Amino acid sequence: MHLSPEIFFKNCYGRYAIPAVNVFTMEQVLGLFSSGEKAKAPFIVQITPAARNYAGPEMLIAMINAAAKIFPKAMYAVHMDHGIEAHAFDAIRSNDYKSVMIDASHDSFKDNVKRTKAVVVEAHKKNIFVEAELGVLSGVEDDLSIDEKHARYTQPSEVQEFVELTGCDSLAVAVGTSHGAYKFSGGDGIQFAILEEIQRRLPEFPIVLHGGSAVNKEEIERINKARGQLMEGASGVSPEEIVKSIAYGVCKINIATDTRLLWTRVHREFFRDTPELFDPVIPGKTYMREYEKFMLEKFELLGATNKAIDMNV
Ligand code: 13P
């Protein structure tokens, strides 16, 4: 069932978190829906502008709608990740999304407020949920690259005013995580003192953590053993930190890198171990199986397993 993140976040606040996973391919969509239905866990399917450029918005939505038919018990929300106005307005018009993100986090506070509010006004006419971002994450994602040295944490003193002025429904914050496989190169992990202060100023308000991949060391080693060349410094957010953040109001954990690493490992090992084969179906099936396993573990870690039945819809 396609639901608003609002319903998810009302249920999970302070108790568990919802994984929000970026999808680009059919294998990822099928892996995500099958795991969500199996775990009876709510989840968010995210589409980035880069994914729309790759497969085309119609194709991605058609795949998601088909997966929802194949897995009719899945409880999910479709979300536009890291959009600018053009993407957000297009998503709102399409009626295919329950939620959009307007990412104006690189702008000044004033411009961020202005741009976010303009999207909120249109989205709320159709009861579409809006995620905004305050503070800048470091790292690389899709075609979005920010120099580490310009990265800046969310200022807790600004959050209340930002939410009041924009009317946004959830807030992505910069508290130490970054996108991609090389997190924390110059940082000290999640800044819980900042998260705590944000929660004090925005009680019961859903907080979003971008850059939520764990970047498992074992995956990196397997990729490199199969002729990958990922750097030693690849590291992500520890499971302990992710779980700890839930008590501070983090309701949504964004994940993309881990599913890409999984794809890389499965395909590199397939080509290394069976160089005589040339059938995409074989690694495709392995990837879907491994993806489902990865998600089942993630639902368990975030406490989301069996929570779809609490939704009361
Ligand atoms: P990761 O790079 O940690 O997977 O983060 C993804 C993300 O934040 C998508 O918006």
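Ile47 stands opposite Met80 in β3. Ile47 belongs to one side of strand β2, together with Phe43 and Val45. This is a predicted model, in which local features need pLDDT of at least 70 and side-chain atom pairs count only at pLDDT 80 or more, while totals for chains, interfaces and linings use all residues. Residues are numbered from 1 along each chain as its sequence is written, and side-chain values use heavy atoms, with hydrogens and water left out. Helices (H or I, at least four residues) and strands (E, at least two) are DSSP runs, numbered from the N terminus.

**The barrel**

- Eight strands close into a barrel, and their order is β1-β2-β3-β4-β5-β8-β10-β11.
- The pairing in this barrel is parallel; two strands pair if DSSP finds at least two bridges between them.
- On average, neighbouring strands of this sheet are turned by 25 degrees against each other, direction ignored. Axes are lines fitted to C-alpha atoms, for helices over the stretch in contact, and angles run from 0 to 180 degrees between N-to-C directions.
- Helix α7 (residues 156–166) lies across β5 (129–134) and β8 (170–173). Helix α7 runs at about 150 degrees to β5.

**Strand β2 and its partners**

- Strand β2 covers residues 43–47 and pairs with strand β3 (residues 76–83) in the parallel sense, over five bridges.
- Val45 has Val78 in β3 as its bridge partner.
- On the other pairing, strand β1 (residues 18–22) joins β2 in the parallel sense over three bridges. Here Asn22 has Gln46 in β2 as its bridge partner.
- β1, helix α2 (residues 26–39) and β2 make a right-handed β-α-β unit. A crossover is right-handed if, with the strands pointing away from the viewer, the path from the first strand over the helix to the second runs clockwise.
- Five of the five residues of β2 are buried, so the strand is largely enclosed by the rest of the structure. Buried means under 20% relative accessible area, exposed means over 50%, and partly exposed lies in between (1.4 Å probe, protein chains only).
- Both faces of β2 are covered: Phe43, Val45 and Ile47 are buried on one side, and Ile44 and Gln46 are buried on the other.

**Listed histidines**

- An unreviewed UniProt entry lists His82, His179 and His210 under "binding site". These three span 129 residues in sequence, yet no two of their C-alpha atoms are more than 11.9 Å apart, so they gather at one spot.
- UniProt positions are given in the numbering used here, feature names are shortened, and annotations may be inferred rather than shown by experiment.
- His82 is found in strand β3 and is buried, with a relative accessible area of 8%. His82 has a positive phi of about 50 degrees although it is not a glycine.
- His210 is found in the loop between β10 (207–209) and α9 (217–225). At 1% relative accessibility, His210 also counts as buried.
- Contact means heavy atoms within 4.5 Å.
- The side chain of His210 makes a polar contact with the side chain of Glu131 (2.8 Å). A polar contact is a pair of N or O atoms within 3.5 Å; within protein, one must be able to donate a hydrogen and the other to accept it, and residues adjacent in sequence count only if both atoms are side-chain atoms.

- Asp103 is found in the loop between β4 (99–102) and α6 (109–125), and is buried with a relative accessible area of 10%.
- The side chains of Asp103 and His82 make a polar contact (2.8 Å).
- Glu133 is found in strand β5 and counts as buried at 2% relative accessibility.
- Leaving aside neighbours within four places in sequence, Glu133 is in contact with residues including His82, Asp103, Phe162 and His210.

**An exposed loop residue**

- Asn95 is found in the loop between α5 (85–94) and β4.
- Asn95 is exposed, with a relative accessible area of 56%.
- Phi of Asn95 is near 65 degrees, a positive value in a residue other than glycine.
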